[in-house]
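Please look at the sequence and the fold below before reading on. The paragraphs that follow go from the sheet to the residues packed around it, and then to some backbone details.

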Amino acid sequence: MTVTDPAPTAALAPAPARPWALLAELTHACPLHCGYCSNPLELTRRSRELTTEQWTEVMCQAGELGVVHTHLSGGEPLLRPDLEQIVTAAERAGIYTQLVTSGVGLDRARLSALAAAGLRSVQLSVQHADPSASDRIAGRRSFAEKERAAALVRAAGLPLGLNVVLHRENLDAIDAVIELGVSWGVDRIELANAQFYGWGLLNRAALLATRDQLTRARDAVERWRERLTPDGPELVWVVPDYFDGVAKPCMGGWGAVSLTVAPDGTVLPCPAAASLPDLDPPNVRDRSLAWIWDHSKAFTRYRGTDWMAQPCRSCSRRDEDFGGCRCQAFALTGDATRADPACSLSPDHGLIRALADDSSDGTGAIRRRAPSRPESTGSRRRSEA
């Protein structure tokens, strides 16, 4: 993958410290059809995915740029037949690799090959502690495969995290979910209240929890934290910003710590930023990661605080929350420069309050991603030739 970087045409704000994290979205193909999926509604076709060689170059450039940790994600990264080669490329670049997976398709032989290639840890998604409820939320039978995958990862001695996206359909089962993680011997349980992007935004009316549900769930997490021993799993509670009135910093600050590379090579500061209309996102097929980080509009547009309007510009929290989420501001107001409506100080906070107050309704059918059909490496390469 040969790229030529132009010199910057205008003075830009100095780039921050080098990024340390990379979200590598290897594919949008997935055997599950979760209604909360944050992938874009326009999914990248398998024929447009980066090749093995291109992902190898991405990992090399990421390591040179300073990245030390990557989530190998999707979709379902196990659907990439070259996943082992990509792991090897990251390992050679000095990057710690974590596989983010549904567990579907993970068997002993595949896990052994991935571990031999340098895979360091696994994050496994679970939709519910009850098998039938988990299968229903996922859109297909998958709980039994997840359970087997967890056992395989533990037997292999790799660190194992459990990721549970929380919403109306599973928040009331949070005690059972934590019990499940403890029984599976996981090291970490990430209780991630749904963020409404992509398919999740499309299905927000059906997924948005109630205030009572969130209060009960938060109290349950605190009880478990008091109860678990130091050897028990770490519990991470991702704050539901629709209800708390406090905006969360976007990925640690826009273009501050992380890059996302989409399946087709598009590079963004966060996975949801593809929805913003004014970024002209660059692609690793055309530009190096270093040039993208330092000079591209996608990374400089909302970096720092100079872009801010009021009330963010004069807010004492501007260097802590950076005005909140640009993608959420755009989704709710149509203007990515406005204060995140999740913030109680935002003039648009009423939009969030109205949604939260209406969450007791929960109407609306879940619209799901279409099933994916795996392609062979040969067919994918022929289609790109």
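Buried means under 20% relative accessible area, exposed means over 50%, and partly exposed lies in between, with a 1.4 Å probe and protein chains only. The model is predicted, so local features need pLDDT of at least 70 and side-chain atom pairs count only at pLDDT 80 or more, while totals for chains, interfaces and linings use all residues. Residues are numbered from 1 along each chain as its sequence is written, and side-chain values use heavy atoms, with hydrogens and water left out.

Helices (H or I, at least four residues) and strands (E, at least two) are DSSP runs, numbered from the N terminus. Two strands pair if DSSP finds at least two bridges between them. An open sheet of 9 strands, with mixed pairing, has the order β7-β6-β5-β4-β3-β2-β1-β8-β9. Its edge strands are β7 (234–238) and β9 (267–268), each of which pairs on one side only.

In β5, 7 of 7 residues are buried. On one side these are L160, L162, V164 and L166, and on the other G161, N163 and V165, so that both faces are covered. In a regular strand the side chains alternate between the two faces of the sheet. Strand β4 (residues 121–125) runs parallel to β5 and is joined to it by 4 bridges. S125 has N163 in β5 as its bridge partner. Strand β6 (residues 188–193) also runs parallel to β5, through 6 bridges, and there the bridge partner of N163 is E190. Between β5 and β6 the chain passes through helix α6 (residues 174–184), a right-handed β-α-β crossover. Right-handed means that, with the strands pointing away from the viewer, the path from the first strand over the helix to the second runs clockwise.

Helix α1 (residues 52–65) has 14 residues and reaches 20 Å from first C-alpha to last, close to the 20 Å expected. The expected span is 1.5 Å times one less than the number of residues. Among the buried residues of α1 are W55, V58, M59 and L65. After the helix comes G66, whose phi is positive, near 120°.

M59 and L191 touch the most other members of the largest nonpolar core, which has 100 residues. Such a core is a set of buried Ala, Val, Leu, Ile, Met, Phe, Trp, Tyr and Cys residues joined through side-chain atoms within 4.5 Å. Leaving aside neighbours within four places in sequence, M59 is in contact (heavy atoms within 4.5 Å) with residues including L22, T70, L72 and I95.

T70 belongs to strand β2 (residues 69–73). Why is T70 counted as buried? Because its relative accessibility is 0%. The side chain of T70 reaches the backbone oxygen of L22 at 2.9 Å. Strand β2 runs parallel to strand β3 (residues 96–101), with 4 bridges between them, and L72 stands opposite L99 in β3.

Some backbone details remain. A cis peptide bond joins G74 and G75, with omega about 10°; G75 lies in the loop between β2 and α2 (83–92). Another cis peptide bond joins Q310 and P311, with omega about 5°. D280 is not a glycine, yet its phi is positive, near 45°. D280 counts as exposed because its relative accessible area is 65%. F322, also not a glycine, has a positive phi of about 55°, and at 22% relative accessibility F322 is partly exposed.

Conventions
Polar contact = N/O pair within 3.5 Å; in protein donor to acceptor, adjacent residues only side chain to side chain.
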